[in-house]
Amino acid sequence: MRKAKQFLIILALLFTAGAGKAWASAFSYLYIQGDKQTPIYVKLEDGMQPRFGKNYCIIPQMAPGPAHIEILFQQNAFPPQKFTILMPQSGSRGFLLTHQADT
């Protein structure tokens with residue numbers, strides 16, 4: 001059931017990315033997904049973003065250009081991570097966060 005929900009979300013993102021040029025060419029969408037073990041929170045500029053699930057966040061209507069985000073982890077399992085993402089003129093960007101053990 002959960003995989004079906006994730007599939008529908010990804011399918012919706014692909015659809016909106018394709019329809020984005022005809023509908024709102026001035027905006028993009030950002031999709032961030034973390035692993036299943038550690039829930040994430042996303043902070044865009046200075047505001048926390050709503051969370052649709054424990055391990056992913058969709059930020060609609062992103063203006064083109066650099067976006068400064070910070071990923072926070074539930075119960076401070078890991079230190080916050082800051083990123084600057086260059087958003088395209090239209091379309092979508094997606095990122096998968098993974099944890100790699102120290103070797």
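## Elements of the chain

Helices, of at least four residues in state H or I, and strands, of at least two in state E, are DSSP runs that are numbered from the N terminus. The structure described here is a predicted model. On that basis the chain has one helix and seven strands, and from the N terminus on these elements follow one another as α-β-β-β-β-β-β-β.

The chain comprises 103 residues, of which 35% count as buried. When contacts between residues at least 6 apart in sequence are considered, 58% of them join residues that are at least 24 apart.

Strand 1, which spans residues 28-33, runs parallel to strand 7 and is joined to strand 7 by six bridges. Leu30 has Arg93 of strand 7 as its bridge partner. In general, the strands of a sheet pair through backbone hydrogen bonds, in either a parallel or an antiparallel manner.

Thr38 is placed in the loop between strand 1 and strand 2 (40-44), and Thr38 counts as buried because its relative accessibility is 12%, where the cut-off for a buried residue is under 20%. Residues up to four places away in sequence being set aside, Thr38 touches Phe73, Ala77 and Phe78.

Two aromatic pairs are found when the whole structure is searched. In the pair of Phe73 and Phe78, the ring centres are 5.4 Å apart and the planes stand at 80 degrees, so the arrangement is edge-to-face, given that planes over 60 degrees apart are assigned to that class. Phe73 is buried, at a relative accessible area of 15%, whereas Phe78, at 27%, is partly exposed.

Glu70 belongs to strand 5 (residues 65-73). Glu70 is buried yet has no salt bridge, and the nearest side chain of opposite charge, that of Lys43, is 4.4 Å away; a salt bridge would require a side-chain nitrogen of Lys or Arg within 4 Å of a carboxyl oxygen of Asp or Glu. Apart from neighbours within four places in sequence, Glu70 is in contact with Tyr41, Val42, Lys43, Pro80, Gln81 and Lys82.

Pro80, one of these contacts of Glu70, lies in the loop between strand 5 and strand 6 (81-87) and is partly exposed, with a relative accessible area of 41%. Although Pro80 and Glu70 are 10 residues apart along the chain, their C-alpha atoms are separated by 6.6 Å. Once residues up to four places away in sequence are left out, Pro80 touches Ile71 and Leu72 as well as Glu70.

## Residues with a positive phi

Most residues other than glycine have a negative phi. Glu45, however, is not a glycine and has a positive phi of about 55 degrees. Glu45 is found in the loop between strand 2 and strand 3 (47-48), where Glu45 is partly exposed, at a relative accessible area of 45%.

Gln61, likewise a residue other than glycine, has a positive phi near 55 degrees.

How values were computed:
Residues are numbered from 1 along each chain as its sequence is written. This is a predicted model: local features need pLDDT of at least 70, side-chain atom pairs count only at pLDDT 80 or more; totals for chains, interfaces and linings use all residues. Side-chain values use heavy atoms; hydrogens and water are left out. Buried means under 20% relative accessible area, exposed over 50%, partly exposed in between (1.4 Å probe, protein chains only). Lys and Arg count as positive and Asp and Glu as negative; His and the chain ends are not counted. Contact means heavy atoms within 4.5 Å. Two strands pair if DSSP finds at least two bridges between them. Rings of Phe, Tyr and Trp (its six-membered ring) pair if their centres lie within 6.5 Å; planes under 30 degrees apart count as stacked, over 60 as edge-to-face and the rest as tilted.
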